[in-house]
Amino acid sequence: MKCSGVLARFKNRESIVRFQAVLLVAAACLFAAIAHADQPSDTSSVDTSTWRCSFCTYDYGWMGQLDAGLGRVSNSSYRFGEYTGLKESGMYWLLGGNVKYRSKDGGFLDVSADHLGIAARELNADGGRQGAYEWFAGFQEIPQFLYESGRTPFSGLGTDSLALPTNWVAAGSTGGMSKLSQDSKAVDIENTRRIASAGIRFTPPKSHWRYSVNFQRDTRTGNDLMGASFLNTTTQLPVAMDYRTNQVRATANYAVSTWQFGIGYYGSFFSDANNALTWDNPFLPIMPGATRGQLSLPPGNAYNAISLSGAWQALESTRFMATAAIGRGTQDERFIAPTLNSQLAVAALPSTNLDGKVNTLNYALRAYSSPSQNLDLTFDYTLNRHDDHTAQNAYQQAITDTYLADYATNIPYSYSRTRGDLIADYRVSSRVNLEGGAAHTGEDRTFRDAAETRTDSLWASLRADPTGSVNTFLKFAHERRSSPDYTPVDYLFNAQNPLLRQFDLANRSRNQVSGQLGYTPSEHWSTAISGELNNDNYDGTDIGLTQSKDIEYTFTVTYTPADKLDLNGYFTHQVMAWRQAGSASFSYPDWYGERGDRIQTVGLSAERRDIAAGLDGGLDFSYSLARGATVVMTSATSPLFPDITMRLQHLSLYAKYSINAKFALRLDYQIERYATTDWSFDGVNPNTVSNLLALGIYSPNYVVNVVSVTAEYSF
């Protein structure tokens, strides 16, 4: 099919990038040809036993810096506050710094804190005695503000049960829900992740052993957005999140002059305080009794593993390394009821829980050798095995609490993946380096459309520094994946089109080219241009993803005209495009879709020291523009979806005045402008779609100013 959609819109830009890639190839070859084959001078006869470092100084005692101040945010914005914590307008505290202690007998303590006055905060501490023991502890809080200004008629927000008002008027469509407007209340979608960790590492005196124990507790609380259906009607729900993940690591390592050995344990334990979400059906039931639904939430699970590792320096030029780990994952969370609809006579469950068991086996072998001064060889072999030993049972399906369907059997997916790599690194001279490699990957699976896939790859790179001011890098890679026995597993699922190929299993040919050309004409100037092209072709796929491309190049420049001034700039352009084919008639392709994303970013930063006595300053500016276009082509029409756009502008300025060696004042100002359009959100009010009760969320747009003043004390 002749390309007339999204890919064609990017055709000229792609040609330019290809031309630049050719220039990179030509430049790399030219510089490699004129490279001097000089060798480093022999320094083996130089006696360094009496050399001393006259510039090495060591500070003992307490030292560090403490920061305290106030800031103000001009406007409230969820998207601006995501990961920064500054979602609300108004004042906030600035608290942070770092403190260090060093003693002459090797004792040390490091404490650092960032943003203690806001929701995105971090605190870390570690100490001990060098060469003997070390302890550490940390805490990090990461807010994620997803969507604001949503509206919902449900009560019970933040719990596992959502209920409609007693006076709710159910209807066959959202347009008939007469109480929707008056019963709706504001709801925001947000959650917070908190990570606490602690551990210790210690080495007994006069011992070759070293031990470590680490513990991490990860919690995530808040809510998320979920869609819940009764057959052909859907409701967007704010579902409560209350996750807990505990992880434990313990290791013991033994090392002598030519070999090392280690043993370790890893455990991960996940739990969800809510077993299921129940909600009232806001629509008129399609079938009697379908007035309340229930969805299972992520089940609790555990994983335990034991690992072994070792290394042996067989010769001065040859080293062998190996790691192996065995583990088991289990999941025995109690099943929820098949349906809440008492009108459906569903068969009893064959068991009370899944009793899931998955065994894992992983090992890796590496051999490294330098047969000559200029040649390094590395061989890697890895195996990853995932054996699902969960018993299979047949469960009668209750479809969205509306009707009963045939029995379905749970599928114990298993796979075994092996990979071998051979890498050679050859130094032609001190200015020219060649590297290349080959790899083969084999994967065998059960209960998947492709029982096996085989992937072969080759790559080669050239790094050349022909002069003191020019450096080049060029890399080519080719990969071929084949699935000789692709057969849809129809006896387990609904019938699939036999021409359909899943993109992660289908035959694929991948070509990659990347390169960089750098030029430093003087100690004050440096420039570089780099580029990368990835091209995937899914030959043999009639229905599914057939092609994808990713083209990116970046230009950077640095100018330091004086010791007290730094200027940096960059420009990045990236184009990503995909093409797929589909069939509405369960036959040959009768429609095609193309998607393309274009992202452009430009940035500039400047820093000036000693603008005046004790005064430093700087700025940082960036501008990003992204646009996504989607085209669907059929025999009759070629509908064009509205573009999805994003524009982000950010400017930050700072000035720091040092009153003396210990005290300084700092003023920061930043402004950020964010504008987006997304047709999947914009204009979709709670009652816009007749069979979708939405939250009415819009894509974010904001302009936020932030000003802060900080006092810094150094000691």
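1. Strands, as the term is used here, are DSSP runs of E with at least two residues, and helices are runs of H or I with at least four residues, both numbered from the N terminus. I326 is found in strand β14, and the protein has four helices and 32 strands.

2. This is a predicted model, in which local features need pLDDT of at least 70 and side-chain atom pairs count only at pLDDT 80 or more, while totals for chains, interfaces and linings use all residues. Residues are numbered from 1 along each chain as its sequence is written, and side-chain values use heavy atoms, with hydrogens and water left out.

3. A nonpolar patch on the surface is formed by W259, F261, I263, Y265, F269, I306, L308, W312, F320 and I326, which together have about 920 Å² of accessible area (Shrake-Rupley method, 1.4 Å probe, with only the protein chains shown counting as cover for residues). Patch members have over 30% relative accessible area and no salt bridge, and nonpolar side chains are joined within 5 Å; a salt bridge would be a side-chain nitrogen of Lys or Arg within 4 Å of a carboxyl oxygen of Asp or Glu.

4. At least two residues of the nonpolar patch come from each of β10 (259-272), β13 (301-315) and β14 (318-331), and β10 gives the most, with five residues. I326 counts as exposed because its relative accessibility is 54%, where exposed means over 50%, buried under 20% and partly exposed in between.

5. For the protein as a whole, 34% of the 715 residues count as buried, and the C-alpha trace spans about 95 × 65 × 60 Å along its principal axes. The accessible surface comes to about 38700 Å², of which 57% belongs to carbon and sulfur atoms.

How values were computed: Patches are made of residues with over 30% relative accessible area and no salt bridge: like charges are joined within 9 Å, nonpolar side chains (Val, Leu, Ile, Met, Phe, Trp, Tyr) within 5 Å. Buried means under 20% relative accessible area, exposed over 50%, partly exposed in between (1.4 Å probe, protein chains only).
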